[in-house]
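Hello,

Here is the structure I promised to pass on to you. Please have a look at it first, and then read my notes below.

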Amino acid sequence: MVSATDRHHLYVDDCKLAIWLDIIRQPVNPIDAKFGWGRAAIQVAFTIFVLTETWLVPIEGYLVGKFGPRPVVFGGGIFV
């Protein structure tokens with residue numbers, strides 16, 4: 001049996017998820033209207049970006065700790 005406190009936490013988590021999903025969905029419609037790529041393609045690209053960035057942050061932190069921020073930013077600028 002789920003207690004009232006647990007139900008409250010689940011409700012709050014559901015609300016946070018709904019707000020987050022609405023926030024990441026907001027920019028999709030203008031991009032789709034401007035370029036006509038389709039909502040699914042835009043969301044897949046955004047998902048790949050978020051997953052890649054999430055897994056690279058520890059590596060970026062290590063590099064900044066070892067070499068400092070300027071060389072890392074300079075190297076990132078070269079890759080771009």
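What follows is a short tour of what was found.

This is a predicted model, in which local features need a pLDDT of at least 70 and side-chain atom pairs count only at pLDDT 80 or more, while totals for chains, interfaces and linings use all residues. Residues are numbered from 1 along each chain as its sequence is written, and side-chain values use heavy atoms, with hydrogens and water left out.

Let me begin with confidence. The pLDDT (the predictor's confidence in each residue, from 0 to 100) averages 78 over the chain, and 68% of the residues score at least 70. Helix 4 has the highest confidence, at a mean of 91, and helix 1 (residues 4-25) the lowest, at 59. Where pLDDT is low, the predicted coordinates should not be read in detail.

Now the overall layout. The chain has 4 helices and 0 strands, where helices (H or I, at least four residues) and strands (E, at least two) are DSSP runs numbered from the N terminus. Along the sequence the pattern is α-α-α-α. Of the 80 residues, 5% count as buried; that word means under 20% relative accessible area, with exposed over 50% and partly exposed in between (1.4 Å probe, protein chains only). The accessible surface (Shrake-Rupley method, 1.4 Å probe) comes to about 7,000 Å², and carbon and sulfur atoms account for 72% of that.

Helix 3 is worth a look. With 29 residues (39-67), helix 3 should span 42 Å at 1.5 Å a residue, and its end C-alpha atoms are 40 Å apart, which agrees. The expected span is 1.5 Å times one less than the number of residues. Helix 3 also has a kink of about 40° at Leu56, shortly before the proline Pro58; the bend is the angle between axes fitted to the seven residues ending there and the seven starting there. After helix 3 comes Gly68, with a positive phi near 95°.

In helix 4 (residues 69-79) you will find Gly76, which is partly exposed at a relative accessible area of 32%. The C-alpha atoms of Gly76 and Glu60 are 9.9 Å apart, although 16 residues separate them along the chain.

Finally, the structure holds 1 aromatic pair. Phe35 and Trp37 form this stacked pair, at 4.5 Å centre to centre and 15° between the planes. Rings of Phe, Tyr and Trp (its six-membered ring) pair if their centres lie within 6.5 Å, and planes under 30 degrees apart count as stacked, over 60 as edge-to-face and the rest as tilted. Phe35 is partly exposed, with a relative accessible area of 45%, and Trp37 is exposed, at 55%.

Best wishes
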